[in-house]
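Here's a quick briefing on how two chains meet, plus a look at the space left inside. Have the structure open while you read.

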Amino acid sequence: MAKQHISFSLNGEQIDALVEPRELLVHTLRETLNLTGTHIGCETSHCGVCTVDLNGVSVKSCTVLAMQAHEGEVTTVEGLANGELHAVQQAFIEEHGLQCGFCTPGMLMRAQRLLQENPDPSEEEIRWGMAGNLCRCTGYQNIIKAVQSAAKKLQQEA
Amino acid sequence: MIPSGFEYHRPSSVQDAIRLLNENEDAKILAGGHSLLPMMKLRFAEPAHLIDLNGLAELKGIRLDGDTLCIGAMTTENELIDSDLVKQHCPLLVDVAKLVADPQVRNRGTVGGDVAHGDPGNDHPAVMLALDAEFVIQGPDGERRQAANGFFLGTYWTGLEEGEVMTEIRIPPIPANGGYGYNKLKRKTGDYATAGSTVVLELDGASCKEIRIGLTNVAPMAIRAEAAEDLLRGQNIDEALIEQAAELVMQACDPAEDLRGDIQYKTHMAAEMTRRSIRDALARAGS
């Protein structure tokens, strides 16, 4: 199949790319645009390591075609820090919200979106809201703590 | 994992989508894509053309037509959860959507896709049976409506003909003296139901005037437990009757053994989910 032109906003910058229709968004991000922060895990839409924002909602970029990002807005983990680390990034460091770190980009991307959807979530709401992201180190306790800590910091700043 | 090659189409309207579907050999509709794309990666599906409905605003949105709740087929699970109209007129659908997959998948997965795909593990079909919903379907010869009851014919086999697109789901109100119960057993977030049961009933005094029981993932397709319904209709439902109905539910089950359990376990779980859903429905109807 011939490659097709897509154009979309990536971390605030307008991007043009040539993609095959069958290409998944995560592959375009990693292999064409060289943004390897978004990881590939299960590739079956279970594990959530490939989570990015597409048009203001969390999606698993292994189960979205690159063609579907056309004229849209994509934010990846590379777009989180703005001069200094984003509150969720800082909180994951402070609360030791990672062990091997493989799931972390997906956790960060889901956490920052969750806190925009619900700025003051209960622990149960965090667990429900983060349920699409798996950590094979099973370090969930500190991940929850990190999201709670980031929520507090973001609310103080607001 | 990457799907095999296909031509991608972005239709400008439902009419355009139907034209593309009928003009192209081996074309498939792409809704949320969270069933179809994984199947394509595994080569269980290899359509030559994909027609992506995601750009069509006319297939989104939730409205009331009289007292019928009308849901655009491309409405996502999270849009159901967030909708004030759904919360007010059919809270059952909020309960259902909250237990579908996970937050990211609920942002893409659509209610129409879930219904039209024909997977017995999908959650909405049995709920639509219990709600006595109706599907609006458009094809080359115009628009038609089909009741949910009779729509689910087998695994990946529904009343949707080739060349047709589901556009809307119409849900009649649960009467004021009615109630619902929804219970789904699943092993973990993101998994399909081991067994699920939806009950919608209407009381006349203490007597059960009408009842529909829809079962998820315990047969080749979503089914009604009709013998159990017949037993309960017209009766004052008590624990002894619930137990007899549970027996009839088990007789209606025909599950496939898999990692979620063997046939006997799934059959028993369908009965237990139904016991709970009947009790929940009675409690809501009585309150």
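Predicted model: local features only at pLDDT ≥ 70, side-chain atom pairs only at ≥ 80, totals over all residues.

A salt bridge here is a side-chain nitrogen of Lys or Arg within 4 Å of a carboxyl oxygen of Asp or Glu. Residues are numbered from 1 along each chain as its sequence is written, chains are lettered from A in the order in which they are written, and side-chain values use heavy atoms, leaving out hydrogens and water.

**The interface**
- On the chain B side, 31 residues are in contact with 29 residues of chain A (contact means heavy atoms within 4.5 Å).
- Together the two chains bury about 2,500 Å², with 59% of it on carbon and sulfur atoms; buried area is the accessible area (1.4 Å probe) lost on putting two parts together, summed over both.
- The rule finds 1 salt bridge across the interface of chain B and chain A.

**The cavity**
- The count comes to 1 cavity of 30 Å³ or more, a cavity being a set of points on a 1 Å grid over the protein atoms alone where a 1.4 Å probe fits but cannot get out.
- The largest cavity holds about 40 Å³ of space, the volume being what probe spheres set on the points fill.
- Its lining includes B:Phe152, B:Trp157 and B:Met221 (lining residues have an atom within 4 Å of a point).

How values were computed: 1 Å grid on protein atoms, 1.4 Å probe; cavity = no way out; pocket = protein on both sides within 12 Å on 5 of 7 lines; lining within 4 Å.
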